Structures are given as C-alpha cells and as structure tokens.
Amino acid sequence: MAGPAGPPTLSASVRGLLAALRCGDDAMLLRARTRHGVGERTLRITLPPGVAWIPGPLLELLEEDRWSITVPIATAETPARVAAVVAIIDRPPVYLDGRWVFDEPGIAAALRVLAAFLEPSVLINAGGAGVAVWMLAEPISARDVRVLQLHRDVARVTGATALPEGASVEDLAVPLPGSVVRELGGYSGYVDCLWLDPAARYTVEEIEAAIAARKESARP
Amino acid sequence: MNIVESIKAMTSKLSSAMKAASGITDQIGQIRAAIANKRRELEAATNAPLPLSDLDARISAVVRESAQLWLESGFGVSLVSGERALGDPHLRGSIRLPWSASQAPPWGAMCASDPEGAERFLRAIAARVPYQAGPPAHERPALVARLTAELQELERADEEAVDAAAAGGITIEHRPEVTARRAQEARRHQIERDAVLDRRRREETLDAQHDVRTRSAYLADPAGVELRRSVTEDNA
C-alpha cells in the first residue's frame, strides 16, 4: 500500500483530520471535556479551504494539556452532512498490579484488520480505543440511512464495536490527536494519530463493495 | 582613453542623469499639482453650498415649517385667545399682541401672515449674499464619482512615478498619506508574520511534546512499540 512513510506529526495530523472532516464551508463543532468530565466546552470553528494552521482556540486547548477533544462527523447544529465512515475498536485497559494495562497487541491486531479491510484515511490510537476513518469522496446527508448502516456493516466485518441500537449519527466522533484520553480512571494517555492519508477517499459504493467482499471471503 | 576623456565622459553621463532626475522631478511636480487641483474640485463638488436654483424648494419648506410651528405654538393661539387678545369677548382696555409695539414680529408670524412675502424676502437675501456655489445637487453623485476616480488615477500615477524614480536612484518623498499607509501596511504585515511565526513555534512545541510523551509511553511498554510500528509499517 502506498501511503505516508510514517506517523504524521501532531500538528499535521490535527490539520489533516480537520481538513478531511470539513464539509465545504460548514462550521465544525468540536466537543472538549476535561479528563474527568468536569469541564466542558464546545468549539465552533470555520475552517478555510486549505487548513494551514491549527485554529487558535483549538491550539489553546491542546496547549492546556487537559482536554479530551472529539470531532463529531455530523451534529444537529451544523448542516447535516457526513464526510466519513468510522469504525471503533474498543479494548479497555485493565487495572493490574497497581497500573493500567492495555491490550496493545490486541489493539495493534485489530487495527491491522481494519487496515486490511480497506486502506483507511486515518488510523488513531486513543488509549483503549482504536479508530479508523474512511473519508467519503463526497459528503452525504446525515439523514441518509446508509451512514449508520455502513458503520454497522464495517463493524460487523472487521470485529469493531458498533454503536448501540438507537444511537444516532451524532454519536460518531473521532478523538482529536494530541488531546488526552478520558474516562480511563488513573490512566493518563494521549490520542495519537498513527496513519493519515488524506488522498484515501472512497465512494459509498466502494465501501459497500469492500464489505460485500469481506462477507464473501468469510463465508465457509 | 586618457584621464581628460574619462572625466568628459563621466561629466556627460552625470549631466544626462541630472537631466533625467530633473525631468522626473518636474513630472512628479506636475502630477502633484494636478492632484491638488483635483482635490479642490472634489471638495467643491462634495461640500460647496448648493446654487440658488436649488434653494427655492428649501425656502418654501422653511417658510411653511416656520409658519406651522408658530401657529401651533402658544404664541399663535395667544394672538386671538385669552385676556385682552384679539378675540377676547370681555375686552376691557386695549388689545395686547404677543409682541410689543416696539418689537419686530417673530419670523414664524411673518411666515404665517404672508408666506409668499417671506419666501421673497429669503430669496432676495440669498441672492445678495456673496458665495461660491457648487454644482446642483442632482449632478453631484456622478460628478463626485468621476472626480474620485480621476483623483485615484493621479495618486496612483504619482506613487508609481516616485517608486520608478527610487528604482533609478532618485529619491523623492512620497506624499504623506502614502508614507503613512505604507508604514501601516508594513506594521500589519509584521504583525501577520509574527503571528505566523508564533503559531509555527507553538505547533512545533506541541509536536515535540507529543512526540516525547507518546514515544516515551510506547517505549515504556514493548507492546506499545509494536502497536505503532506494526500499524505504520504494515500500511507503508
């Protein structure tokens, strides 16, 4: 697979992720919470076509080094368009011998499965969760039933964790690299972007074809 | 070439250069005179008083308003109503007007009494007042637009000529507003450059911090090293 030579720098991954999830001139809403969920902020940012810098308010939050920040792929407040399909693998750490232990080989193996399914645009390690993002060639409506269906189908064929029944597309969010990992007790880790290839974009039909091929190969 | 010929050649070149300098200085002087004239024209077209032909409607309006104001005020009513007014049904003694026998009646009363006369009065005075009228109101918007465009063209020509002279080694001061604008632009550019540098520095600091804390976390745990390496190497 041709792609980036190595993990991007933090700033490059933040800029790349924002640029990838940007839908035209629509404003983006980023949700930020302190590690233990006491503080909460919503950042509304409008990005220029070429994201040359991390927007100032976001840069300040990253510098504060205490915020867990996510980028929802669609929200009720913004025009409801979706630019990506997201798969999340959930491997929560266990508290063992006085420290939090992650199933890192398990996460690595799961991320490899996601990467083998269809080369992702973004791969993120967020402590106990791995997140893969496949950018859509053209944003589609958030009300399009295919959005959640694609998410569930990708989860089914890759072993990722699907959103629970009744969840909405607004619950699909990508952890922002550089922000802290939240809700993991004593663990203090950081979200890290392992892979970023903005050129990797897919039509809905291509993703559906990859799901079908995976189902076919899994058939006995 | 001997020394005398060299000096002659240099003198000749110097003379040509001085003629050129003098030429461009004259040229810029002419442009600046034209700019000053154009500004005066623009000032007149914008702020000079309207000509008499435009005053008629205003004279009629002010007379009408003054009359109405006086009639509707207590002074107007007191002419006919109240004790010893013109309309007092129980008049005892002489009539008392709102003004005394030695006072001039108010302007509003004049307008109410004889509007045409009041208009004639104002018009006659305005015609006798010496003043430099500008163009009629209906001609001003187009005239101001044309003069503004011409002024901008002249100012641009002046700025370019000064820049061209500077490029040729002849230093001529820009107009004060050009100097001020360029200084302001330079300050703004400097602020933008500083902001860009500041952001770059802050992003680089974050990058370095993130690299250390994620790398150190991975290095502390062999499985973590495997995670980062396996994903990136597999993909690459």
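Helices (H or I, at least four residues) and strands (E, at least two) are DSSP runs, numbered from the N terminus. The model described here is predicted, so local features need pLDDT of at least 70, side-chain atom pairs count only at pLDDT 80 or more, and totals for chains, interfaces and linings use all residues. Residues are numbered from 1 along each chain as its sequence is written, while chains are lettered from A and ligands numbered from 1 in the order in which they are written.

Chain A contains five helices and 11 strands. Confidence is given as pLDDT, the predictor's score for each residue, from 0 to 100. Its average over chain A is 79, and 79% of the residues score at least 70. Within chain A, helix H2 (residues 56-64) has the highest confidence, at 91. Strand S6 (residues 99-101) of chain A has the lowest, at a mean of 65. Where pLDDT is low, the predicted coordinates should not be read in detail.

A residue is buried if 20 or more other C-beta atoms lie within 10 Å of its own, exposed if 12 or fewer, and partly exposed in between; the C-beta atoms are placed from the backbone. By this count, 45% of the 220 residues of chain A are buried. Contacts were defined by distance: two residues are in contact if their C-beta atoms, placed from the backbone, lie within 7 Å. Of the contacts in chain A with a separation of 6 or more, 72% join residues 24 or more positions apart.

Nonpolar cores were examined next. Such a core is a set of buried Ala, Val, Leu, Ile, Met, Phe, Trp, Tyr and Cys residues joined through C-beta atoms within 7 Å. The largest one has 64 residues. Val86(A), Val122(A), Ile124(A), Val131(A) and Val174(A) have the most contacts inside it. Strand S8 (residues 129-141) of chain A supplies the largest share of this core, eight residues. A second, separate core has seven residues, including Val63(B), Ala67(B), Trp70(B) and Ala109(B). Ile124(A) shows what contacts in chain A can look like. Leaving out residues up to four places away in sequence, Ile124(A) touches Gly130(A), Val131(A), Val174(A), Pro175(A), Pro177(A), Val191(A), Cys193(A) and Leu194(A).

One sheet in chain A is open and has four strands, in the order S2-S1-S3-S9, with antiparallel pairing. Its edge strands are S2 (40-45) and S9 (173-175) of chain A, each pairing on one side only. On average, neighbouring strands of this sheet are turned by 30° against each other, direction ignored. Two strands pair if DSSP finds at least two bridges between them. Strands of a sheet pair through backbone hydrogen bonds, either parallel or antiparallel.

The pairs can be followed across the sheet. Strand S1 (residues 28-34) of chain A is joined to S2(A) by six bridges, and the two run antiparallel. Here Arg31(A) stands opposite Thr42(A) in S2(A). S1(A) also pairs with S3(A), over four bridges in the antiparallel sense. In S3(A), Trp67(A) is the bridge partner of Thr34(A). S3(A) is in turn joined to S9(A) by three bridges, again antiparallel. Val71(A) has Val174(A) in S9(A) as its bridge partner. Five of the six residues of S3(A) are buried, so this strand is largely enclosed by the rest of the structure.

H2(A) lies across S1, S2 and strand S3 (67-72) of chain A. Its direction is at about 145° to S2(A). Axes are lines fitted to C-alpha atoms, for helices over the stretch in contact, and angles run from 0 to 180 degrees between N-to-C directions. The buried residues of H2(A) are Leu58(A), Leu61(A) and Leu62(A). Seen down the helix axis, they fall within an arc of 100°, so they line one face of H2(A). The arc is that of the directions from the helix axis to the C-beta atoms.

Most residues other than glycine have a negative phi. Asp65(A) sits in the loop between H2 and S3 of chain A. With 16 other C-beta atoms within 10 Å, Asp65(A) is partly exposed.

In chain B, Arg84(B) also has a positive phi, near 60°. Arg84(B) is found in the loop between helix H3 (74-80) and helix H4 (107-113) of chain B. Arg84(B) is partly exposed, with 14 other C-beta atoms within 10 Å. Asp114(B) lies in the loop between H4 and helix H5 (115-128) of chain B. Asp114(B) counts as partly exposed, with 14 C-beta neighbours inside 10 Å. The C-alpha atoms of Asp114(B) and Ala67(B) are separated by 9.3 Å, although these residues are 47 apart along the chain.
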